[in-house]
Amino acid sequence: MEEKYFRNKIVWFTFFFSILVIWVHSYNAVLFLGKTGLGYRIDWLERFWGNTVAQISVPGFFLISSYLFFRGFTLKQIWVKWNSRIRSILVPYIIWNSLYYLGYAIGSRVPFISTVIGKGIIPLHVKEAVQAVLFYTYNYVFWYLHQLILLVFLAPVIYVAMRKKIAGRLILAGILGCIYLGGALPFLNLDALFYYSFGAYAALHGKEIAENSFSRRGIAAGAVLFLAASLVVIIDIPGNVKGEIAASTVCFRLLMPVSLWLMVPGRYLKEAGNWMKQNFFLYATHFSVVRLINKTGALLLPPVPSISLGLYIIMPVFCILFSCAVGSFLRKYLPQVWFLLNGGR
């Protein structure tokens, strides 16, 4: 794939995954309708879409992040790569977690806003601040960035594990087997390690397939994987999961974004608009927008199913409009602040 097609396809897919992430966090049926039969039926619809379909978004992000990290990678580049990710991941991780903590702490002391937040008075002291910054206490969606930081730190180990084809396949199978058996690692999620390692393997050994702008074989292979992913989630193979994510779910969440990538020919995608290119900022801000709209709506709007479901469906529109408006203001008037908040993107 020519570089421009590849980069444009990356933007399209990260934007698509960003929209799916918004739906993952937009459940509102029980909030609007209470613990009623109708509320639970609407909630089932929202969670089927959010918990089953839209959950392919985070594995998609892991795959893209890993592929870009290991694309043309050698161990000599590790310090350059780490330095780049400090700016693009670690710095905004610290800044956004700090902002969310301060926002929640201040908002919990303001009438009406404290009701919307619903967490009581949030303490303002050093221990709470450190906990919030390091472990995303008030910015739950940044669990992904926390995992990504750990995976980037482990990049040399992952590279050594994936650089040989046969050994890489065996290690991937071993990680999946550990997931099936209910294994766990301290701090690091095994499924995150599996997705990231798969992305590294694809970057090291599958560039010709992954970056082909149009291939009938690739489209056919993507269609087969799409069907396989659908069967996996339908069959739902049980395992000794011990409360962790099931191996069948991991396979579905891996195969679905991979199949979509193969089926979409990059050559025929329109050039992504600028409003589609600030996906990190959209990811960082969407949770607060979702919570504000849903909780305020539940307090002020009538408990009508169409309102609840309608808000859920169009929630990405509100988040994108907010992100574009604030992002445009910051780029124009506070470019240095934008640079820090958006990780230099």
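The unreviewed UniProt entry lists eight stretches under "transmembrane region", namely residues 12–33, 53–70, 90–107, 141–161, 170–198, 218–238, 245–264 and 309–330. The model examined here is predicted. Residues 12–33 are 82% helix and 0% strand. Residues 90–107 are 100% helix and 0% strand. Here the end C-alpha atoms are 26 Å apart.

Helix packing was examined next. Helix H1 covers residues 3–24, and helix H15 covers residues 279–300. Their axes are 10 Å apart and form an angle of about 10 degrees. Angles under 35 degrees count as roughly parallel, so H1 is roughly parallel to H15. On the H1 side, the contact is made by Val11, Thr14, Phe15, Ser18, Val21 and Ile22. On the H15 side, Asn279, Leu282, Tyr283, His286 and Val290 take part. Seven residues of this contact are nonpolar, four are polar and none is charged.

The axes of H8 and helix H9 (residues 155–162) come within 5 Å. They cross at roughly 65 degrees. H8 contributes Leu151, Val152 and Phe153 to the contact. H9 contributes Ala155, Pro156 and Ile158. This contact has six nonpolar residues, with no polar and no charged ones.

The largest nonpolar core has 91 residues. Within this core, Phe62, Phe70, Phe142, Leu145 and Tyr196 touch the most other members. H1 gives the most to the core, with 12 residues. Phe70 shows what such contacts look like. Leaving out residues up to four places away in sequence, Phe70 touches Ala155, Ile158, Tyr159, Tyr196, Ala200, Ala203 and Leu204. Another core, of five residues, lies apart from the largest one. Among its members are Ala29, Leu33, Ile42 and Leu311.

Ser197 is found in helix H11. Its relative accessible area is 3%. Buried means under 20%, so Ser197 is buried. Ser197 touches Ile158, Met162, Leu172 and Ile175, again not counting residues up to four places away in sequence. Ser197 and Gln336 are 139 residues apart in sequence. In space, their C-alpha atoms are 34 Å apart.

Val326 is found in helix H16, which covers residues 305–333. Val326 counts as partly exposed because its relative accessibility is 26%. Val326 and Met256 are 70 residues apart in sequence. Their C-alpha atoms are 32 Å apart in space.

Backbone angles were considered last. Most residues other than glycine have a negative phi. Tyr136 has a positive phi, near 45 degrees, and is not a glycine. Tyr136 is found in the loop between helix H7 (126–135) and helix H8 (143–153). Its relative accessibility is 21%, so Tyr136 counts as partly exposed. Phe187 is not a glycine either, and its phi is positive at about 75 degrees. Phe187 is found in the loop between helix H10 (165–180) and helix H11 (190–205). Its relative accessibility is 66%, so Phe187 counts as exposed.

Key
Residues numbered from 1 in each chain as written. Predicted model: local features only at pLDDT ≥ 70, side-chain atom pairs only at ≥ 80, totals over all residues. Heavy atoms only, no water. Axes fitted to C-alpha atoms, helices over the stretch in contact; angles between N-to-C directions. Helix = DSSP H or I, 4+ residues; strand = E, 2+ residues; numbered from the N terminus. Parallel < 35°, antiparallel > 145°, perpendicular 65-115°, else oblique. Contact = heavy atoms within 4.5 Å. Nonpolar A, V, L, I, M, F, W, Y, C, P; charged D, E, K, R; others polar. UniProt positions renumbered as here; feature names shortened; annotations may be inferred. Core = buried A, V, L, I, M, F, W, Y, C linked by side-chain atoms within 4.5 Å. Buried < 20%, exposed > 50% of the residue type's maximum accessible area, 1.4 Å probe, protein only.
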